[in-house]
Amino acid sequence: MKPNTRRSPREVIESVDQPELEEAWYKFPRQEMVACSINRERDSVRWKVHQKGRKYMHIHTHPGGSRLSIYPSSRDLDSFLLDKMRSMVIAKTSPKTGKLESYFVVRKKKFVPQSSSLLPRQYEELLMNRMYEGIDDSSFAESLDVLFRKYDLQWRYVPVAEGKNAFDSRAQYQTDLADKLKTEYRMAA
Ligand SMILES: [Zn+2]
């Protein structure tokens, strides 16, 4: 396949049917994203678990309007830990236009203890604090850093500017993670 015939993640995400419903994809390096949803709803999506046994990237949209919809839910995080996916990307989109607004990326740096992990519960607490206790961006980011580091996870929030490559402005994110995303998955919009 010629690289220039492959649609970028942003093109795939923004051309989804019924953008008010969540949609999910998996992606292998140097391949176009492949839709894998079984059931699409406004605030959830069920997807086919990928059986090939290779590490891959999972992407799904959050078109919802809640303050928390830029983040993975604790159930998303649970699925992430249990599955062979290497990275999970939450693509925050507009429910009306389907336009991409931001990416939130979580990546396993090393092997992560899985079924016994307390992480989803601790993460849920963090989200609830964020929602109800009025915690500001930087202290939330700090708590997320501390929590995810314990489980060898990296995370990055990347707002997507109009007409700009989401992973091009190096100042906004951790360089090594960003390089991985660019080289492994060509996530540049
Ligand atoms: Zn989700």
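Which residues have the most contacts inside the largest nonpolar core? In this predicted model, they are Ile59, Val89 and Ala91, and the core to which they belong has 29 residues. Contributions of at least two residues each come from strand 1 (24-27), strand 5 (56-62), helix 2, strand 6, strand 7, helix 3 and strand 8 (153-159). Strand 6 gives the most, with five residues. As a general point, nonpolar side chains in soluble globular proteins tend to be buried together.

To place these elements, start with the chain as a whole. The chain contains five helices and eight strands. Read from the N terminus, the order of elements is α-β-β-β-β-β-α-β-β-α-α-β-α. Of its 189 residues, 28% count as buried. Among contacts with a separation of 6 or more, 58% are between residues 24 or more positions apart.

Strand 6 and strand 7 are antiparallel and pair over seven bridges. Among the residues joined in this way, methionine 88 has valine 106 of strand 7 as its bridge partner, and alanine 91 has tyrosine 103 of strand 7. Six residues lie between the two strands in their hairpin, where glycine 98 takes a positive phi near 80 degrees. Strand 7 is also joined to strand 8 by seven bridges, again in the antiparallel sense. Here the bridge partner of serine 102 is proline 159 in strand 8. In a regular strand, side chains alternate between the two faces of the sheet.

Alanine 91 links several of these points. This residue is one of those with the most contacts inside the largest nonpolar core. Apart from neighbours within four places in sequence, alanine 91 is in contact with Ile13, Ile59, Thr61, Leu100 and Tyr103. Ile59 is another of the residues with the most contacts inside the core, and Tyr103 is the bridge partner of alanine 91.

Leucine 100 is found in strand 7. Why does leucine 100 count as buried? Within 10 Å a residue needs 20 or more other C-beta atoms to be buried, and leucine 100 counts as buried because it has 21 C-beta neighbours inside 10 Å. Leucine 100 and glutamate 14 are 86 residues apart in sequence, yet their C-alpha atoms are 6.4 Å apart in space.

The helices remain. In helix 2 (residues 74-82), the residues Asp76, Leu77, Phe80 and Leu81 are buried. Seen down the helix axis, the buried residues of helix 2 fall within an arc of 135 degrees, so they line one face of the helix. What covers them includes strand 6 (85-93), strand 7 (100-108) and helix 3 (119-132).

Helix 3 has 14 residues. From its first C-alpha to its last, helix 3 reaches 20 Å, close to the 20 Å expected at 1.5 Å a residue. Just after helix 3, glycine 134 takes a positive phi of about 60 degrees.

Note on methods. Residues numbered from 1 in each chain as written. Predicted model: local features only at pLDDT ≥ 70, side-chain atom pairs only at ≥ 80, totals over all residues. Helix = DSSP H or I, 4+ residues; strand = E, 2+ residues; numbered from the N terminus. Buried ≥ 20, exposed ≤ 12 C-beta atoms within 10 Å, placed from the backbone. Contact = placed C-beta atoms within 7 Å. Arc of directions from axis to C-beta. Core = buried A, V, L, I, M, F, W, Y, C linked by C-beta atoms within 7 Å. Pairing = 2+ DSSP bridges. Expected span 1.5 Å × (residues − 1).
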